[in-house]
Structures are given as C-alpha cells and as structure tokens.
Amino acid sequence: MDTFGMLMNGFANAMTLQNLFAAMLGAVMGLVVGAIPGMGSLAGVSLLLPLTFKLNPTTGIIMLAAIYYANMYGGSYSAILLNIPGDASAVMTTLDGNPMAKKGQAGQALFTANLSSFIGGTIGIILLTFLGPLLSRIGLSFGPAEIAALILLALTSLGWLLGSDPMKGLISAGLGILLAAIGVDQAVGQPRFTFGSINLLSGINFIPLVIGMFGFAQVIDMAVKKKTMQSVSMVDKLTLRGSLLSRDQVKRILPVAVRSGFLGTFVGLLPGAGATTATFLTYIFEKRIGKNRDKMGTGVVEGIAAAESGNNAASAGAFAPLLSLGIPGSGTTAVLLGGLMMWGLKPGPLLFTQSPDFVWGLISSMYVGNIICLIIGLAIIPGLVHILRIPISMMIPLVSAICIIGSYSIGNNMFDVGIMLVSGVVAYLLSSHDFPVAPILLAFVLAPRFEKSVTQALDISNGSFKIFIRSPISLVLLCATILFVFMPLLLKLVRKHQTDKLSIN
Amino acid sequence: MKKILASFLCIAIISSAFVGCQSQSTASPSADYPKKEIELTCPYSPGGGSDIFARTFAEACTKVGGVPKNVMVVNKAGGSGAVGNAYVYGKKGDDYSLVTMVGGQMMTAMVNKSDVQADMLTPIACMALDEFTLAINTGRYESLDAFIAAAKEKPGQITVAGSGMASDKQLCTELMNQYLGLELKYVSFDSGGEVLSAMIGGHVDAGICGPSEIVSQIEAGQVTCLATFSPERLSGIEAPTFKELGYPDMVFQMFRSIAGPPDMPPELVAYWEEVCKKISESEEWQKGYCEKNGLTNKYLNSQDLKKYWETELERYKEIWTSVGLM
C-alpha cells in the first residue's frame, strides 16, 4: 500500500471518538503545561505518562504526542503576554511577541503565533509522512563534527543580535559563555566555577535564568517605572475580530512560516537537537535573510512567525527518527520511546511494518491535533488578551509569584529561585544600560553544545582537526560560515573598487 | 510604590513558603506506620531510567507492597545525583523519606569527591540490575575477534560511544581496556539515543548499550551485539558473555536500589525491606518492569546490599584510579 493509502487508513483510526477525545484532552493539557512558565513538554509528558498506561497504545501515544506539540502552542502565550517564555522553546517568541503586546497588538501577536505554529507543525507532519525515513537517515549522517560546524554557523549570527553597540553585545555574549561554563566540563568531567556548591555542579539551569532575565526583570521594570503593560487607550482590540491580521500581515507571515517550517523540521530530527535549538536557528536564519529583518526584535509578525513555526516543526520532526529508526530525536521523544516500550511496542526500523495501524494512526492524529490546537488557540485569544487589563498593582505580585513558582518547579530546589532573582536583577541593570539580553541567552545555549560537539569530534579523531574538513557536510557548513563572515567585507571592497573605477572614468 | 512593594513582598514570601516547606516528622515507627505520605527522592530528572524506576517502585508499593499510604516521587536532579544525595542526607531523623540509589550515583559522588558519599546513606534493598552490551552497526566488524584485532592494530583510534562521563558505560569500556589489553577511546554522549545515532551514523566504531535499547534494532538487522557484560546470556540477544569467553572479571551490572537517610532505625529498615521483597517477588515487578526494560530482577536485603555497595565501591575506585579520573 502506498503512503497515501496508509495515511487514509490511519485517519480512519485517528477519527474514532476515543482517539479524537484523547487528542483533544492532550491538546488542552499541552496548552496549559506550555503556558505555565517553568513547566515544559518534558516534565509534562513524563508526569502524565503513567496515566496513559490504562489506555490502549494508540490512544495513549496520541494523547502524549498531543501534549508535546500543543506545548509549543501554549509556550507562546505567556511569552507574548507576560514576557515569560513558557519553556525554553518559547524564548525567541518573546523577542517580538512581547513588544507587539506592549504596542497594543497582543491579539494579533497571539493570532500570528497560533497560525505560524499550525503552518510549521503541519509542514513538519507532511515531511514526516512522506519523507520520514529518508530524512532520518540524513539526520544520522550528522555526527559531532557536523553539528559543531552547524552551531558555529549559528554562532556567527550573533552579530545580527548585537544591537546598536557591538561592544556591549559582545560583552553580553561573553557573559553568556561564562555562565554556561559553570558546571562539570564535557571533556574531562572536572567541575568549573562551582565554588564547592553542589547546586552549581550541573551548571546554571536555563529555565530559571530565562524566567529571571525576561520575567523578573520585567517586574522590576514595572515597579520602577509604574507603567502598565499596555497603555489604557489601546485596550480596545479585545475581540477576536480585532485580533485578525490584515491581508498584508498574512502575506508577510506565510513565506516566513513555511521557510521556518522546513528548517525547523530538519533541526528537530538531528540527534540531540530539539525544539529549543530549532527556534534559535529559525529565528537567526530569518534575521539573516528575511525581508523585514531590520525590524525584527522590535515587535513584528515575522519574528513571531519564524520562532513559532520553528518550534512546532521541530516537535513534529523529532518523531521522524523515533518512528522510522527507534532513536529519539529529543529529550521528550526519549520519554515517549520509554512509553512505547511499556506498551509492548518495539520501536525500531521495523515499527512501520510491524505496527502500521499504530504508526499511521499516530501520524494522522497529529494532523487532526494540530487543527484542534489552532481552533482552541484562536478561540481563547480574547480571554488571554484580557489578562493585560489587570492593573499593575496586581500584575507585579502575580508575575513575581509565577516566576518564583515556575523556577522552583524545575527541580524542587530553592537555589533555582535564587538564580532567577539574581539574573532578573542583573538583566534589569544590563538592559537599563543598553546591554542587549538576547546574546547572553544565545551564547548560553549554543556555546556548551559547541564545546561538547567539538570535544566529541576531537575524541573521535584522536585530536586531529582534520575531521572537520574530511566530512563533506562539515566542510560545506564551514565554507558557508567563512562566506557569511567575510561577505560584508568583500562586498565593501567590490563596491569601493567599482566606485573607484567610476571616478576614474 | 509602597503598596506595590508590600504586596509583592507578601506574595513572594507566601509562595516561597508554600513551595519551600518540607514536612518533618520525629515519630518512630510504630504499629500504625506509615501515618502519612512517604517521599521518595529521585536524584535525576523526570523521564530518565532512575525516574521510571522510582515511579514504578512507588506505584508498586501501594499496589503489591502493602503500604497503606502513597509514595510520592520528588525529582531533585543536579550534579549527577549529588543534589539528591545531599537532600536525603539532610533528612536524618525523618521517617518518611526514601531515595533511589543507582551505581552511577555512587560513581559520580566518588569521582567528584562530593561531600555526601553514597555509603553515608542507609541501604535498604536492591531491586534490579542493569545489564550492558557491546554493540556495533551491523557489518562494521565481522565478529568480536575482528573488533579486538582492529583495536590492537590501531591503539587509541577505535572509538566506543556511551552515555555520561565517569559513568557505568565508561566503566565497561575501561574493563575492556584492562582485561583485553586494548586502548579503546571512550566518547561520551548525553543519552542512549545519541549513542545509537552515532553508532548507526558511522561516527563511532562501537557503543555500550542497554539491552532494551538495541533489541528492536537487532531484530531489524541494523545493530549487532558482539558480547555482553552479564553473568549469563541475556534473553533476546544472541551474543556470548565476556565471562563465557574466558574473562570472569569482566562481569558488570549496575544496581538499582532503595536507600534512606543516615542512621535509619532498624525497625524502619526492616519494614521497607519487607515491602521491597514483596514487590520484587510480584509478577508486576518482574514482568511489568524488569522484563520490559531489559533489567535483571535481583533482590538483596539491607545487610547484603551494604556488603554489595562496599565491594562495588572498591571496584569503582580501582578502575577510576587506574584510568586517572580519581
């Protein structure tokens, strides 16, 4: 039976009342889990996994998968409204989402996020359906050397996020790298900068850092400036109609969402890279080549579209290696793998042939689930926007409480709350002196991955750097990096040469 | 401004108190123990092997272990087990606190010279053992002998992937180096999934994997198991054990046990020993957990576990010192 036929068969399976209900329940849970800062898809899926054991495998995995990708929808809500990313994969959404909310365009920001999430997720599922096994094989050919080269390419994009004063941007990036160095190092297993504290032994947790730098810094800003999150005069676009996007906006969003969808899917299926890395890369990519790239970061729909489409596509992409090879593409799919085994399924290269009903039922339900998420997401926009009408005197303690509880819930450790508070204060001080905060996070996430991949690559090659050149993928990526770095310089020289020629003539 | 500050402080204090409060109990075990929920600390994050172990055990306590109150799992991840260890160490005197203790936790506490070493906690019972296999991408080497020959030919250049630094997987690699006279290079990855990807993608020569990770891969013909580090052949995997090939010292299994805060009263230890025994004899544990996860069911009471910990510690110390990690 060809792929399309199997897919149709799967739809019959996915549309049964039980499975539809499971998808809906999973979607709602995922939206809530995603919106709550501090709780991410990994925690949500692992904690809800035991509940699904009573169900049959197909229904169970439909629900868990729904929780996973609905989480990517939900993460954008608190990111846009409160400037607190729901989890790591929603960080890039805050860069444009919250400024839009502050400008009185919260409804449109939420609409954009939902629409882009849907486009990205659907592209991811389509690619999964028709090219899943092939893409997984390509993903496998990315070993440590190739991933290091890819991250290096991403790191060069730091320049685009440096803001108006490059020196300050570089200092921010340096701070990010320094913070990421805290913990046990990847190469030899020796602790760095831990000052004897066991809490620092595994390094600074990303979520409290992010919640602090975005959410808590925001609280301090609110308290100091006594400004509401949105001027009273602009609080009239509270209906769904008021949140609709103009045709021009939709035209701008579509190409961005589609591009990010493809890129996000691919990053999602790379080993060790999940929705977080994907959303970073799709945002950076858009910032580099997008039409409206100069305005990105100030509150434009393209920024939200790139980030949201990326993380949803990645969550779909992470299923490709899981279903076609039995290898999890991210932390959350690793938990799903455990779940599959508990249900007696045997994830591996034979899953498609041994349990076709299960696999195609799951894939079909992902299409359905995405539609459900879109509908629910759009329907609650008016309700969500109302949150912004909460007066500032209630908003400050409310957001502070969310920050504290969110940071604690990561590891049940008050130390994380401390990190959150300190990073909030530091971020507030930095941004009030025009130091950009985004490079800190970018460096914090990418630098350790870069270090780990380089260390692994050198372990494999026994210390020889030739491994980066010998692999064709790595070579191509390195050339692209060099090209991107020197392109502006080359263009300048060429232009100067041309004007010299003209002036001579 | 004052109002804002006041309300902020109020909420901050209340929520901190809410989430930070821990219940302490000073009651000694009596006929009506347990009177309330028991806290089972898992020193690793949700979703991982230890977490699944903790949650399955917690559920089994009430289902087949005969514990009248629920056992709640609390994740306290960090420092590869150090945070969880320290947390439970600080629970001395609390009768409602337990912790999962696996071999990896013991190893990292040793190598990192943490303040709380694993043997400072009270051993209660061993519940299961993890097994390890040496696996390759099918076709890379024809047999174990071919692999060993290739390793001898190019010392320091044949790579073996495993998850974690100074972990059980690295220990297996060092066992091979020590007893087979090889110089294999260990490359650490973050998870079993990444190890498999590196193996199948051809980036490393071999990998140390748990049996459950590779069973379906073997069935599909993608992965071949060269040998196992178990005392007997593993079901579902047709590969010889290093022991039967003539290397009895190359047997390695990682224990999964339950422990408690330091100086636990003996009656309390006995109570939990009984519960653990009941669980390990149940079908739920044997079929529902051990078999499904490729683990070997093994029950040891607290005395035997204490001796087992001691011998394992000696072993770890010897190997890690010889490698230079300690």
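## Salt bridges

Across all chains of this predicted model, a search of the whole structure turns up 17 salt bridges, where a salt bridge is a side-chain nitrogen of Lys or Arg within 4 Å of a carboxyl oxygen of Asp or Glu. One of them sits in chain A: D248(A) and R252(A) meet through their side chains at 3.3 Å, N to O. D248(A) and R252(A) are 4 residues apart in helix α11 (residues 247-268) of chain A, so about one helical turn separates them. Helices here are DSSP runs of H or I with at least four residues, strands are runs of E with at least two, and both are numbered from the N terminus.

A quick word on the ground rules: this is a predicted model, so local features need pLDDT of at least 70 and side-chain atom pairs count only at pLDDT 80 or more, while totals for chains, interfaces and linings use all residues. Residues are numbered from 1 along each chain as its sequence is written, chains are lettered from A and ligands numbered from 1 in the order in which they are written, and side-chain values use heavy atoms, with hydrogens and water left out.

## Where chain B meets chain A

The contact (heavy atoms within 4.5 Å) draws on 52 residues from chain B and 54 residues from chain A. About 4500 Å² is buried between the two chains, with carbon and sulfur atoms giving 63% of it; buried area is the accessible area (1.4 Å probe) that two parts lose on being put together, summed over both.

There are 2 salt bridges between chain B and chain A. In one of these, D190(B) pairs with K452(A), with the closest N and O atoms 3.2 Å apart. Chain B and chain A also share 12 residue pairs in polar contact, both residues at pLDDT 80 or more. Polar contact means a pair of N or O atoms within 3.5 Å; within protein, one must be able to donate a hydrogen and the other to accept it, and residues adjacent in sequence count only if both atoms are side-chain atoms.

On the chain B side, the elements that each supply at least two residues include α1 (2-20), α2 (49-63), β7 (185-189) and α8 (211-219). The largest share, 9 residues, comes from α1(B).

## The five-stranded sheet

Chain B has an open sheet of 5 strands, ordered β7-β6-β8-β5-β9, with mixed pairing; two strands pair if DSSP finds at least two bridges between them. β7 and β9 (223-228) of chain B sit at the edges with a single partner strand each, so one side of each has no neighbour in the sheet. Strand β6 (residues 159-163) of chain B runs parallel to β7(B), joined by 5 bridges, and G162(B) stands opposite S188(B) in β7(B).

Chain A gets involved here too: its helix α21 (residues 438-460) packs on this sheet, touching β6 and β7 of chain B, at about 160° to β7(B). Angles run from 0 to 180 degrees between N-to-C directions, using axes that are lines fitted to C-alpha atoms, for helices over the stretch in contact.

## The six-stranded sheet

The other open sheet described here has 6 strands of chain B in the order β2-β1-β3-β10-β4-β11, again with mixed pairing. Its edge strands are β2 and β11 (296-300) of chain B, each pairing on one side only. Strand β1 (residues 38-42) of chain B pairs with β2(B) in the parallel sense over 5 bridges, and L40(B) stands opposite V73(B) in β2(B).
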